[in-house]
Amino acid sequence: YAHGKPYPKSRFCRGVPDPKIRIFDCGKKKQPCDDFPACAHLVVDENQQLTSECLEAARIATNKYMITNAGRDFFHIRIRPHPYHVL
């Protein structure tokens, strides 16, 4: 994450809207991670500010890809970053 807030004072942003992303876990949520044969992480080398729309689009794309290729009950996706800043 980038250092500091995008706005210097909170009086500029009175009402904060709810984030667009609502679901942070997809797939088979109750199964432990050790039961799956593989694990993959998407890691970024640079500090970036991601919007909630970007996280929601990434979740929808990966969920659709994994359902078509692996099946509905053979994966677990977790979105770790939560949108805190208002951009």
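**Exercise 1.** What span should the 18 residues of helix α1 (residues 52–69) have, and how far apart are its end C-alpha atoms?

*Solution.* The model is predicted, so local features need pLDDT of at least 70 and side-chain atom pairs pLDDT 80 or more, while totals for chains, interfaces and linings use all residues. Residues are numbered from 1 along each chain, and side-chain values use heavy atoms, without hydrogens and water. Helices are DSSP runs of H or I with at least four residues, and strands are runs of E with at least two, numbered from the N terminus. The expected span is 1.5 Å times one less than the number of residues. For α1 this gives 26 Å, which agrees with the 26 Å between the end C-alpha atoms.

**Exercise 2.** Which residues of α1 are buried, and which are exposed?

*Solution.* Buried means under 20% relative accessible area, exposed over 50%, and partly exposed in between (1.4 Å probe, protein chains only). S52, L55, E56, R59 and N63 of α1 are buried. They lie on the same side of α1, because they cover an arc of only 95 degrees around the axis, taken from the directions from the helix axis to the C-beta atoms. K64, Y65, T68 and N69, on the other side of α1, are exposed.

**Exercise 3.** How many disulfides are there?

*Solution.* A disulfide is a pair of cysteine sulfur atoms within 2.5 Å, and by this rule the count is zero.
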